[in-house]
Each structure stands twice: as structure tokens, then as C-alpha cells.
Amino acid sequence: AQTVTQSQPEMSVQEAETVTLSCTYDTSESDYYLFWYKQPPSRQMILVIRQEAYKQQNATENRFSVNFQKAAKSFSLKISDSQLGDAAMYFCAYRMRDDKIIFGKGTRLHILP
Amino acid sequence: DSGVTQTPKHLITATGQRVTLRCSPRSGDLSVYWYQQSLDQGLQFLIQYYNGEERAKGNILERFSAQQFPDLHSELNLSSLELGDSALYFCASSVDRAYNEQFFGPGTRLTVL
């Protein structure tokens, strides 16, 4: 069965520094999609970045980038130049071929001023 | 504002009762997804509808059911409620498949007493 594991329940980073959130997944599928979602205190779920498994190039969105290692089944999120507004719960998610989506337990990110 | 609306925002009810949560997707989106977010279970995918038909099913209990109507709005029905059903229920919509960006609604907070 597919699983998504976020091994860091909480992390802290100094404002303007870089932080990397880890995510590993288990699957037997070869074609799938991976996502990082952000959930700030408002509880609104916001898509941060998306990666297609068939693409070797790592996705980037402004200060957010991923390190996608397909063979290792690893999908980490790097946040550069951390800002106070980045403080949130971050969820890694895997979309299966049949459109089911599995979320990790989340990593709570604190930004230290 | 994601364009996805959910009503009601809060719902307080008693064990054994039945409730209906409503979701209106973004204009033009054909897919609707339901998620349950509880403290101990994280974010769980419940079910997906596409243009009125069920497309994918996740960890949805038999006491729960959903449907998508011709105008594309969706309802999630929860019956024989238990204390453990207390959670934040999210609806999300996307244009088509789950690899397209999902836009999340603000959620319905259900409290079962």
C-alpha cells in the first residue's frame, strides 16, 4: 500500500535562512504526482508546489523548490530566504493513478525572527 | 479566497445524529474532493466526484456518503455520528484530474458532543 512519511513533526528556522522538509513515500506505481501543501493558522490548504514523477527536473516556485529522488522515493521541500509568513503546517501528498490522494502527517514549521 | 465555498462553517451536534455538509466548487471545476482532518489521523482523503459520478474512494466510512449534483455542487452526509467524527471537513475542487491544482474550501468544523 502506498504511504507517505514526514519524519519531522516540527522544525524551526531563522528568518532569511533556508530550511528543508523531508518526505518519503512508498509506491509500486511508476507514474504519479507529488505535492506539497501549506496550511497556515487560518487552516486554509494552499498548494505550494507540484512534481510529476516522469519529469526528472525538480520543480521550483519562487523561493520553494523540491529535491525529487525517484529511485529513493524521496521528495523534500526546500524553502529559501524563509519569511515569517512561511510559518505553517506543511503536508506532503501523493496522488495515485486512480486519483486517490495520500497525505503525510505534516511538519509544523516555525520561523524565528 | 479559493473560490470554493463550504457551508456551514461550524456545526455542533450530538452523537447518533445526521448532518449534511455542502460544497460549491469553483466555477468551471468538474471534480470535487472531500477530506477529513482530525487531530490524530491527519488529513484523510474520503471521496472524489467528477461531473456527477464517483471517481475515487478513500477511507470513507459506510456511515458517510456523498453525491455531486447536476449543478456540480456536492454534499457529504454523515450519519450515526460518533465522538470520533469530530473534525475539520474540507472540500476541494479541480478542473479535472487530481494532478491539476486542487483549490480547497475553508472547511466545515464539525463537533460531535
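**Exercise 1. Are Asp86(A) and Arg63(A) buried or exposed, and what links them?**

Solution. 
- Start with burial. Asp86(A) and Arg63(A) are both buried.
- Recall that this is a predicted model.
- Next, the contact. Asp86(A) and Arg63(A) form a salt bridge, with the closest N and O atoms 2.8 Å apart.
- Now place the partners. Asp86(A) sits in the loop between strand 9 (74-79) and strand 10 (88-95) of chain A. Arg63(A) sits in the loop between strand 7 (60-61) and strand 8 (64-69) of that chain.
- Conclude: the pair links distant parts of the chain, 23 residues apart.

**Exercise 2. Classify Asp29(B) and Arg26(B) by accessibility.**

Solution. 
- Identify the pair. Asp29(B) forms a salt bridge with Arg26(B), and the closest N and O atoms are 2.9 Å apart.
- Apply the cut-off: buried means under 20% relative accessible area.
- Asp29(B) has 1% relative accessibility, so Asp29(B) counts as buried.
- Arg26(B) has a relative accessible area of 23%, so Arg26(B) is partly exposed.

**Exercise 3. Which parts of chain B does the pair Asp85(B) and Arg63(B) tie together?**

Solution. 
- Check the contact. The side chains of Asp85(B) and Arg63(B) meet in a salt bridge of 2.8 Å, N to O.
- Locate each end. Asp85(B) lies in the loop between strand 8 (74-78) and strand 9 (87-94) of chain B. Arg63(B) lies in the loop between strand 6 (53-57) and strand 7 (64-68) of chain B.
- The pair therefore ties together parts 22 residues apart in sequence.
- Asp85(B) has a relative accessible area of 3%, so Asp85(B) is buried.
- Salt bridges with shared partners join Arg63(B), Glu82(B) and Asp85(B) into one network.

How values were computed:
Residues numbered from 1 in each chain as written. Chains lettered and ligands numbered in written order. Predicted model: local features only at pLDDT ≥ 70, side-chain atom pairs only at ≥ 80, totals over all residues. Heavy atoms only, no water. Salt bridge = Lys/Arg side-chain N within 4 Å of Asp/Glu carboxyl O. Helix = DSSP H or I, 4+ residues; strand = E, 2+ residues; numbered from the N terminus. Buried < 20%, exposed > 50% of the residue type's maximum accessible area, 1.4 Å probe, protein only.
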